[in-house]
Amino acid sequence: MRPVRLIFGTTEGAIGAVLLSLLVLIALFAPVLSPGDPLDIAGPPLLHPFSMARLPLGTDSLGRDVLAGIIHGTRTSLTVGLAAAFAAIALGVCIGLAAGFSGGLVDEALMRVVDAFQILPGFLLALALVSVAGASLPVVVLAIALGAWAAPARLMRAQVLSIRERDYVAAARVTGMHPLEIAVKEILPNALPPVLTLAAVIVAAAILTESALSFLGLGDPNIVTWGTMIAEGRNVLRSAPFLSVLPGLALVVTVITVYLVGEGVTQALAEGKAGQVDRQGPTA
Amino acid sequence: MTAALRLIRRRLATSIPVLLIVIVLTFVLLEFSSGDAVDAYLISIGGGDPAVAANLRHAYGLDQSHLARLWLYLSSLARLDFGWSVAFERPVADLIVERLPNTLLLMGSATALAFGLGTSLGIVAGARPESATDRVISTVSLILYAIPGFWLGLVLSIVFAVKLRWLPSAGLETIASGRTGSARMLDIAMHLALPVGTLAVIYMALFMRVMRASMAEVWRLDFVTFARAKGLSRRRIVLRHVARNALLPLVTMLGLQSAAMLGGSVVIESIFAIPGFGRLAQEAVTQRDTPLLLGIILTSAVLVIVVNLLLDLVYALLDPRLQPSDRSA
């Protein structure tokens, strides 16, 4: 597992990887860590943190356990962040590959669509889509992905354009490989790595967008999200500011973690590339 | 000058198809929503029989085919007619014209503040890469970058409006205060301090990070080595050579980021109750006001195109390679 070792080799990567594993574990074992529905009433309302051992972070204005909300919210944030980033990158890679590989009019038309999505404020688009299709988790994921796929598409196209003219692609063409096979087998794997380094930024932005949507009341009402918790805490901001502050801190820690992992991956990739060049040194 | 004109013309030529795509896209998106403005209106007045609904739909043209309505929409847009807002009972264009200046004031001051502070701190950090100052600034910028804007806004208003009571927590100005002239300007500035501060802190982190990274790139270039060899002072190298060239990617990023910034204003305006563009979007969403939401999305697309055009011109002014006569340093 050389890539993993490389990521752990950087300070940012190591801290990020440890924190991310912790968050993933919390998300996976949320039902074990805090059994039951986090939306159920667990105690007296507006209990301040550290005043009851059973409810260490207190309760909100309806008496729901804040700690349970934060634990289950990890699940929502990570799921939405990862799913939206995956969808955005998958869509971006497909469009970028199609545009860069076909060239000509198809390229021109696809890139105008990319332009359009880059000009549209992603958050407004997400607002519109969620309000149109109703607030449910898949819609939120799709809405966030629609605002995020333009950058990977652009990068993918640039990659494909530079790879398309390489010798090994020409060789594949000469051997009579089907263009589709060339695109998928020869170009895609070589064009992908730089696009994947965008993943961390997209995941982080997706987590922030999801929280903003649910803060505005456009999240899935049956699922705990940090954004909703912050919004509900807003009504009692004067008497119980912790209700908004604590889930916000969870958000900040999660986003920082994702950035750190991204930083680690980028540095590891750069080093890996440098290592390759060194090894190839004399021949290349 | 002619070069600038050519640039503007080329930009406009590519912008028109893009705008058309935006229009069709938003139209399709909202066309297939369940429930229209008539439904929302009937709910708000407590219901009505199907005949009333059909009459209303006919009156608003909601019963025609999708294509016919797209054509109708496009042709009225060409006449700068954005349609009628069902929720506000007013023309959409009026609402947008009324709300846009507030948002431009908010975004403009926040961007200017963030750009100034962010680039300065980025230059301080990038002047000596990997130094202690650099590490502190980079860490702080990473943390700020990860903070959700709406949460920072809430925390700042807990501190400055609830606990310290220094600043008002909502609105654009004191309602019916009768203030005029400089007193009114001061009042607006006090009200905008928290939202502008919140947005500025979030954007500043981004500018800081990009400026620093960009400076790190420029340090490796040959002309910096040459400037060193000439014996120029470090201060002069940092400011005149490294920072100036490192500023270019920042201008490009400002353009790419302008759409995201406009989107970010929705949440901030909703927290601080500023009657701007973003809040209008939220109101349009909650009231299912399709023409209004389309108008907002379209206007923001045009706004982003204009901002990018202006930044292209700034880029041309800044880039030493594009203006050899200007290279005085």
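**Figure 1. Salt bridge at the exposed residue A:Glu165.** With a relative accessibility of 55%, A:Glu165 is classed as exposed in this predicted model. Its side chain meets that of A:Arg164 in a salt bridge, with an N to O distance of 3.3 Å.

**Figure 2. Salt bridge between A:Arg157 and A:Asp107**. The two side chains are joined at 2.7 Å, N to O. A:Arg157 belongs to helix H8 (residues 150-164) of chain A and A:Asp107 to helix H5 (residues 104-119) of chain A, so this pair ties together parts that lie 50 residues apart in sequence. A:Asp107 is buried, its relative accessible area being 10%, whereas A:Arg157, at 22%, is partly exposed.

**Figure 3. Salt bridge between A:Glu108 and A:Arg112 within helix H5 of chain A**. The closest N and O atoms of the pair are 2.4 Å apart. Because A:Glu108 and A:Arg112 are four residues apart in helix H5 of chain A, about one helical turn separates them. A:Glu108 has a relative accessibility of 42% and counts as partly exposed; A:Arg112, at 17%, counts as buried, since the limit for that class is under 20%.

**Figure 4. Network of salt bridges involving A:Glu108 and A:Arg112**. Four residues are linked here: A:Glu108, A:Arg112, A:Asp115 and A:Arg154. Side chains of opposite charge can pair when their charged atoms come close. Over all chains, a search of the whole structure finds 14 salt bridges, among them the pair formed by A:Glu108 and A:Arg112.

Terms used: Residues are numbered from 1 along each chain as its sequence is written. Chains are lettered from A and ligands numbered from 1 in the order in which they are written. This is a predicted model: local features need pLDDT of at least 70, side-chain atom pairs count only at pLDDT 80 or more; totals for chains, interfaces and linings use all residues. Side-chain values use heavy atoms; hydrogens and water are left out. Helices (H or I, at least four residues) and strands (E, at least two) are DSSP runs, numbered from the N terminus. Buried means under 20% relative accessible area, exposed over 50%, partly exposed in between (1.4 Å probe, protein chains only).
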